[in-house]
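Here's a quick briefing to read with the model open beside you.

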Amino acid sequence: MKRRHFVIGAAALGAGAALALRPRAEAQPYDDYFRALNDELRRNGPARPCLLIDLDRLDRNIDAVMASVRAPRHYRVVEKSLPSPKLLDYVMRKAGTKRLMSFHQPFANADARLFPDGDILIGKPLPVRAAERFYRELQGSFDPSRQMQWLVDTPERLQQYLELAQGLGTRLRINIEIDVGLHRGGVADDETLSQMLALIQAQPQQLEFSGFMGYDPHVTALPRFAGSRDALFASAMQAYESRVALLRSQYPQLWNEKLTLNAAGSPTYKLHERENLSNDISVGSALLKPTHFDIDTLAAHVPAAFIATPVLKAVGPLRLPELDGLSRLARAWDPNTREMFFVYGGNWMADYESPQGLRRNSLYGKSSNQENVTASAGSGLAVDDHVFLRPQQSEAVLLEFGDLLAVRGGRIVEQWPVLA
Ligand SMILES: Cc1ncc(COP(=O)(O)O)c(C=O)c1O
């Protein structure tokens, strides 16, 4: 081959490869669902960033959980993932449960006040001073000696809780965190467990054993090489089983059928259909399905929480500050920079949802005040329309927008304050 032909051929190949790598235009206008929400928000929304809870979709997700968590097993609502009194009340009524899992002392006090006949299991071992504070701030008829389970993970903490009980002149119900493979703490050996159960048994005036908590999200989160899901689940349940066996054989006085044997979380709740050891299943996030919960075990769940924020400015094609050459290059390369918008607020732990194909330009950077959004032609977005995002997780994001807006049939029906 002549050298000139070779050079032309190589150049053509390079151009072809570059074309193949070039991003495709991705913007799509709203589908009917988001078009209706945008119309509603333009008429009746707060004209600032807000968080929508779609009650029709929430209902579907509650039904999915209830179809799985059947009597005699109990459903425990994870309060931190649904941190609004009215949202919690809605879920608890529809699911017919009074059981809550709380992770934060001020929220636990609010739960006790709002749900005086509730049953609260603390989901992580709190410093004993937080427990002390709970008693100091307790209001209403909630009776912790019957309705509260404190989670304890070590003999040292158990000793501290014993001293708290002595100081308060009351009895604390103690649930022991066990390590079923997650290795996020919790009792991992028989000796330690035995030591803790012995202390509880020796102090019946101050301590009452109320059960175990074994959390197992690693079962669905680990990569394949760590083991098959079946094997990981079997191993978690075997660890759980062996702690229960120790309790029943060595501390039979502490055993009774009413103990809370708590397990699961959103990613794994469905797997527990195939075991009959646990009797108390925690689920929170799956009811709203933030993007971190787009996993196969939750295929029956639908996203039910969205951030909506107004478009403030439509400024035309991407223009980076002072970098005209680079902006031209970026526009020539990526059709998704054809239109640039600035929205009200931003920098949330969330992913763009609708219109489809929106993205943040990372050269322009993040902003919590007016975030940039770019799109190819065809998004249909205009000033005062709304950009919709899906939170990546619910627990922190739901607290960032003031009252939640409950939506049914595409209309805003209620405003629900969040926990403080
Ligand atoms: C102990 C425990 N149980 C259950 C859950 C599940 O919560 P969710 O269903 O919101 O993922 C969590 C989440 O952090 C947890 O720490």
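Predicted model: local features only at pLDDT ≥ 70, side-chain atom pairs only at ≥ 80, totals over all residues.

The chain splits into domain 1 (27–50 + 303–416) and domain 2 (55–288). A ligand is present, with a shell of residues around it that includes Y215 and M101.

**Domains**

- Domain 1 is built from two stretches, 27–50 and 303–416, while domain 2 runs as 55–288.
- Taken over C-alpha atoms, the centres of the two domains are 38 Å apart.
- Where they touch, 14 residues of domain 1 are in contact with 15 residues of domain 2.
- On the domain 1 side of that contact, strand 15 (residues 404–408) gives the most, with four residues.
- That side of domain 1 sorts into nine nonpolar, three polar and two charged residues.

**Ligand shell**

- Around the ligand you'll find V78, S81, M101, G123 and Y215, along with G265 and S266, and then S282, V283, G284, S285 and A286.
- By class, the shell has seven polar and five nonpolar residues, and no charged ones.

**Helix 3 with helix 4**

- Helix 3 (residues 55–68) and helix 4 (residues 85–95) pack at about 45 degrees, and their axes are 10 Å apart.
- The two helices are therefore oblique to each other, and their crossing is right-handed.
- From helix 3, the residues in the contact are D59, I62, V65 and M66; helix 4 answers with V91, K94 and A95.
- Sorted by class, this contact has five nonpolar and two charged residues, with no polar ones.

**Helix 6 with helix 8**

- Helix 6 (residues 128–137) and helix 8 (residues 155–168) pack at an angle of about 25 degrees, again with axes 10 Å apart.
- So helix 6 is roughly parallel to helix 8, and the crossing is right-handed.
- V128, A131, E132 and Y135 come from helix 6, and they meet R157, Q160, Y161, L164 and L168 of helix 8.
- The contact of helix 6 with helix 8 contains six nonpolar, one polar and two charged residues.

**Helix 9 with helix 11**

- The axes of helix 9 (residues 190–202) and helix 11 (residues 229–250) come within 11 Å, crossing at roughly 45 degrees.
- That makes helix 9 oblique to helix 11, and the crossing is right-handed.
- Helix 9 brings D190, L193, S194 and L197 to the contact, and helix 11 brings R243, L246, L247 and Q250.
- In terms of class, the contact of helix 9 with helix 11 has four nonpolar, two polar and two charged residues.

- Most peptide bonds are trans, and most residues other than glycine have a negative phi.
- The peptide bond from A71 to P72 is cis, with omega near 5 degrees.
- P72 sits in the loop between helix 3 and strand 2 (74–78).
- Another cis peptide bond joins S354 and P355, with omega at about -5 degrees.
- You'll find P355 in the loop between strand 12 (350–354) and strand 13 (370–375).
- A264 isn't a glycine, yet its phi is positive, near 75 degrees.
- Look for A264 in the loop between strand 8 (260–263) and strand 9 (280–283).

Methods:
Residues numbered from 1 in each chain as written. Axes fitted to C-alpha atoms, helices over the stretch in contact; angles between N-to-C directions. Parallel < 35°, antiparallel > 145°, perpendicular 65-115°, else oblique. Left-handed = near helix turned anticlockwise from the far one by under 90°. Contact = placed C-beta atoms within 7 Å. Nonpolar A, V, L, I, M, F, W, Y, C, P; charged D, E, K, R; others polar. Near = placed C-beta within 6 Å. Domains from an automatic or database assignment.
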